[in-house]
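Please consult the sequence and coordinates shown here.

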Amino acid sequence: MNQRMNQLKEKNDGLFIPFITAGDPTPEATIDIALMLEEAGADLLELGIPYSDPLADGPTIQEASKRALAGGMTLEGAMKLVPLMRERGLTIPVVVFTYFNPLLQFGEKRFTELAGDMGIDGILVPDLPYEESDYLNTLCNKQGLSMISLVAPTSNARIKKIATRAEGFLYCVSSLGVTGERKKIDDRVYDFLETVKQTSPVPVAVGFGISSNEQVKEMQQHADGVIVGSALVREIAKHEDLLKDEKNRKDGLFQLKTFVTSLISS
């Protein structure tokens, strides 16, 4: 595990992990949003690679992918944003979220080598089963990349096996189905999180549906961190015109930061 991911493990409490889609609404805005999120308190950035058939993503993130793809964003282009973020002062870890098909088309070895060269800290491939991930995991290890594991309430007997090999942080899916904001978190998630925490050697972060300050506070009592995606992506879409316009981007970033602060304030 690299140094930035180690720092994540050292904090191990109250972690805030935002998700954004690379290129939404523009590559330049993505860089500015990443820097704003670190300033607002993000401990790690999850950078989504836009994809036309995102199996785990709900309508909000699907629309973000469409916007980014229409703007010409590619897998390689998204990864090349990370060193530009670093040049501008980003210090938190960056984990790339991508589906297996574009990764396979690009080439697994080529992908992990480029990720290492670009200063990326980890990858998350939600549709690659744990049982089929050994080859990619080996390639990640060679590049000093953490391969983020994902567990769901239906993982059952596999939870311990998946958690034991977890690196960076362990992504816990709070509910079944696709991503998206939910008014209420299923109460059954609490027992699930306790089971995961007992076996995980890394911080346990929960995502899928967290969209309010109340839900953030609730989840922080049961997990080491929260992942917020759809709610943030919705806000980005809401301020798309401001964020696209370089002259008015500061206003859009201010609106986003206000939203993020209200979401994670204690």
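**Aromatic contacts and helix packing**

Q: Over the ring of which residue does the charged end of Arg 110 sit?
A: This is a predicted model, in which local features need pLDDT of at least 70, side-chain atom pairs count only at pLDDT 80 or more, and totals for chains, interfaces and linings use all residues. Residues are numbered from 1 along each chain as its sequence is written, and side-chain values use heavy atoms, without hydrogens and water. A charge sits over a ring if NZ of Lys or CZ of Arg is within 6 Å of the ring centre and within 35 degrees of the ring normal. The charged end of Arg 110 lies 3.8 Å from the centre of the ring concerned, that of Phe 106.

Q: How many aromatic pairs does a search of the whole structure find?
A: Rings of Phe, Tyr and Trp (its six-membered ring) pair if their centres lie within 6.5 Å; planes under 30 degrees apart count as stacked, over 60 as edge-to-face and the rest as tilted. Searching the whole structure gives a total of 5.

Q: What is the geometry of the pair Tyr 171 and Phe 208?
A: Both residues, Tyr 171 and Phe 208, are buried (under 20% relative accessible area, with exposed over 50% and partly exposed in between; 1.4 Å probe, protein chains only). Their ring centres are 6.1 Å apart and their planes stand at 90°, so the pair is edge-to-face.

Q: Which residues of helix α8 are buried?
A: Helices (H or I, at least four residues) and strands (E, at least two) are DSSP runs, numbered from the N terminus. Helix α8 spans residues 134-142, and its buried residues are Leu 136, Asn 137, Leu 139 and Cys 140.
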